Amino acid sequence: MPRLVIHHHAPEGYRAVAALDAYVARHLDRVLLDLVKLRASQLNGCAYCVDLHATDLEDAGVPTRKLHGVGVWRETPFFTDRERAALALTEQVTLLPAGVDDATWDAAAREFPERELADLVLAIGTINLWNRIAVPTRTAPPPLG
């Protein structure tokens, strides 16, 4: 049972976050975006978002083995250079105390034009905000079956 249903108590703020999420969804590849959202959600321990984005990736036809490999993406051959750059950036932006090192930033900048890189940074920030809404309010995924 959630502690607080944010969209009931702060509908304007919730709509603002949803609008940013809709913006990045219009400007980034769906699978790439859900991989980023899944990885950030794993790092943040957000069960609701892990379930949501893994299911979205599965519905998009992403192979099950690739889904299982997201948490260990560096150790698998399942990801493109572009996906690897996005996942590395996601990890460093999500685990921000260390910042984003130049090698990670440069790898992402090689794979993404500046506009798309800007959208990617916005997407990473947005999923981290969603995680920070869902985790403290104890938003749970729907039951199986």
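Is Glu83 buried or exposed, and what is its relative accessible area? Here are a few notes on this predicted model, starting there.

1. Glu83 has a relative accessible area of 10% and is buried, because buried means under 20%. Its salt-bridge partner is Lys66, with 2.9 Å between the closest N and O atoms.

2. Next, look at Glu116 and Arg82, a salt bridge whose closest N and O atoms are 2.4 Å apart. Here helix α8, with Glu116, is linked to helix α6, with Arg82, across 34 residues. Glu116 counts as buried at 17% relative accessibility, whereas Arg82 is partly exposed at 26%.

3. Arg39 and Glu91 also meet through their side chains in a salt bridge (2.8 Å, N to O). Arg39 sits in helix α3 (residues 30-44) and Glu91 in helix α6, 52 residues apart. Both Arg39 and Glu91 are buried. Shared partners join Arg39, Arg74 and Glu91 into one salt-bridge network. The whole structure has six salt bridges.

4. Now for the largest pocket, which holds about 310 Å³ of space. It is lined by 18 residues, and Tyr14, Tyr48, Trp130, Ile133 and Thr139 are the closest to its centre. Helix α8 gives the largest share of the lining, five residues. By class, the lining has twelve nonpolar, four polar and two charged residues.

5. Finally, do visit the surface: Leu96, Val100, Trp105 and Val121 form a nonpolar patch there, with about 310 Å² of accessible area together. Leu96 lies in the loop between α6 (81-94) and α7 (102-111).

Conventions:
Residues numbered from 1 in each chain as written. Predicted model: local features only at pLDDT ≥ 70, side-chain atom pairs only at ≥ 80, totals over all residues. Heavy atoms only, no water. 1 Å grid on protein atoms, 1.4 Å probe; cavity = no way out; pocket = protein on both sides within 12 Å on 5 of 7 lines; lining within 4 Å. Points joined across faces, edges and corners; volume = space filled by probe spheres on them. Helix = DSSP H or I, 4+ residues; strand = E, 2+ residues; numbered from the N terminus. Nonpolar A, V, L, I, M, F, W, Y, C, P; charged D, E, K, R; others polar. Patch = residues over 30% accessible without salt bridge, like charges linked within 9 Å, V, L, I, M, F, W, Y side chains within 5 Å. Areas by Shrake-Rupley, 256 points an atom, 1.4 Å probe, with all protein chains shown as cover. Salt bridge = Lys/Arg side-chain N within 4 Å of Asp/Glu carboxyl O. Buried < 20%, exposed > 50% of the residue type's maximum accessible area, 1.4 Å probe, protein only.
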